[in-house]
Amino acid sequence: MSQRILIPLDGSELGEAALHYVEDLVSRISSEKKVEVTLFHVITALKHDVEIRGGGAGTITVPYSESELKQMEADAMKYLDKVGENLRSKGATVLSKVVIGLNPADEIIKARRKSMLTWWLCQRMGGLASAVGLLAVLLIKYYEEAKYPY
């Protein structure tokens, strides 16, 4: 039987706190079972502010162009691939997934439903843990004063 783990990451140190726990978990179980880890990132910045100068000075909000969104996806994928290096070295199969959506919680729940997960690691999603259904959820408390959360 394989173990499937989803780790939502937003690029922050706080978001990456779960990785140390997963690396330890993978080290413990990868010799007995196949471990598949999906690193998951949601791009939610679909619009940005543009400053207008001159007579009608001010700021307007405009959507990102298709090419800007593609670049954001490529940057996020590169980030996930780099973050997954330690997990790969510990024996896990690492998948990287980037989606564009308005609400990270909704996108994470959709991903969970599509992929028959065994574990879902969450650093700080509040009430989202109760919304994922019958699934082992590990919530991680991060201690700012320490480099690593444990």
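1. Arg88 is partly exposed, with a relative accessible area of 35%, where buried means under 20%, exposed over 50% and partly exposed in between (1.4 Å probe, protein chains only). The model is a predicted one, in which local features need pLDDT of at least 70 and side-chain atom pairs count only at pLDDT 80 or more, while totals for chains, interfaces and linings use all residues. Residues are numbered from 1 along each chain as its sequence is written, and side-chain values use heavy atoms, with hydrogens and water left out.

2. Arg88 forms a salt bridge with Asp81, the closest N and O atoms being 3.9 Å apart; the term stands for a side-chain nitrogen of Lys or Arg within 4 Å of a carboxyl oxygen of Asp or Glu. Asp81 is itself partly exposed, at 34% relative accessible area, and the structure holds 5 salt bridges.

3. Asp24 and Arg28 meet in a salt bridge at 3.0 Å, N to O, and both lie in helix H1 (residues 17-29), 4 residues apart, or about one turn of the helix; helices here are DSSP runs (H or I, at least four residues), numbered from the N terminus. Asp24 is partly exposed at 37%, whereas Arg28 counts as exposed at 57% relative accessibility.

4. In helix H4 (residues 104-114), Glu107 and Lys110 are 3 residues apart, and so are separated by about one helical turn. Their salt bridge has its closest N and O atoms 3.3 Å apart, with Glu107 buried at 13% relative accessible area and Lys110 partly exposed at 41%.

Technical notes. Helix = DSSP H or I, 4+ residues; strand = E, 2+ residues; numbered from the N terminus.
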